[in-house]
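Here is a short tour of a protein chain, starting from a single residue and widening out to the whole fold. Have a look at the structure first, then read on.

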Amino acid sequence: MPRQARLEIPGVPLHITQRGVNRCAIFLDDEDRRHYLRLLGESAASHGLRIHTYVLMGNHVHLLVSSDESGKVSLAMRQLGQAYVTAFNRRHRRSGTLWEGRFKSCLVDSDGYLLTAYRYIELNPVRTAMVERPEHHHWSSVRANLALCEDSLVTPHACFIELGTTPLARAEAYRTWLKQGVSDDELIAIRQHLQQERVFGSKRFQAMAAKTLGRPVSVRRPGRPARAENQPEGI
């Protein structure tokens, strides 16, 4: 049976995660990380992707991207994944797959949900106790979003730009947002939507996406399906 097409709508951000097979390390040193980011930039440029946030962890990555054309995200991720595995295997004298199947992704509603995805991604190193503060992790977009450095990979989303009238004002507002942390409900919701590759957003946004894509887009709950009017929102 053919694979189901990705949930992609032009202009709507996608939260992406990709893991190493059997949770193995996908970066062995900083040269691996630098090379991945180089390839990410090349792939994004080739396919017209805007990268809003990213974080490189030990055995997985998170990205928040958008594109004005359906299908471009999948093409970009294929180019990136194949090129990185080839280089990684050659450099570390190994063979075979590196990724745990296809990458996971979910569409993200810009209204009230996108900045939650921003925060979830950039607080990953803090949640796993890799660092005490997000800006101490140098392999993410957080330092650029906090106006601590320039990062050519990062294109702020319109929702991020609305945080303030200047880069410093946006950075201060975003720092306050990060300090609030991610609630348990938000963690569960984001992980469920990623795992099931659904639409993380309001009921209204999910209805729009379902109509546009012609397929279900809400998280499947355990047990018998609830009646439509009783379906809960993303968070």
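## Leu49 and its surroundings

Let's begin with Leu49, which touches Ala44, Val65, Ser66, Ser67, Lys72, Val73 and Ala76, leaving out residues up to four places away in sequence; touching, or contact, means heavy atoms within 4.5 Å. Ala76 is 27 residues from Leu49 in sequence, yet their C-alpha atoms are 7.8 Å apart in space.

Leu49 belongs to strand 2. Its relative accessible area is 14%, so Leu49 counts as buried (under 20% relative accessible area is buried, over 50% exposed and in between partly exposed, with a 1.4 Å probe and protein chains only).

## How to read the model

Please keep in mind that this is a predicted model, in which local features need pLDDT of at least 70 and side-chain atom pairs count only at pLDDT 80 or more, while totals for chains, interfaces and linings use all residues. Residues are numbered from 1 along each chain as its sequence is written, and side-chain values use heavy atoms, with hydrogens and water left out.

## His52 in strand 2

His52 also sits in strand 2, which spans residues 49–56. With a relative accessible area of 1%, His52 is buried. Its side chain forms a polar contact of 2.7 Å with the side chain of Ser66 (a pair of N or O atoms within 3.5 Å; within protein, one must be able to donate a hydrogen and the other to accept it, and residues adjacent in sequence count only if both atoms are side-chain atoms).

Beyond its neighbours within four places in sequence, the contacts of His52 include Leu64, Val65 and Ser66, as well as Tyr118, Ser141 and Asn145. Val154, Thr155, Pro156 and His157 are also among them.

## The chain as a whole

Stepping back, the protein chain has nine helices and five strands (DSSP runs numbered from the N terminus: H or I of at least four residues for helices, E of at least two for strands). Along the sequence they follow the pattern β-α-β-β-α-β-α-α-α-α-α-α-β-α.

The C-alpha atoms fill a box of roughly 55 × 50 × 35 Å along the principal axes. Of the 235 residues, 49% count as buried. Among contacts with a separation of 6 or more, 74% are between residues 24 or more positions apart.
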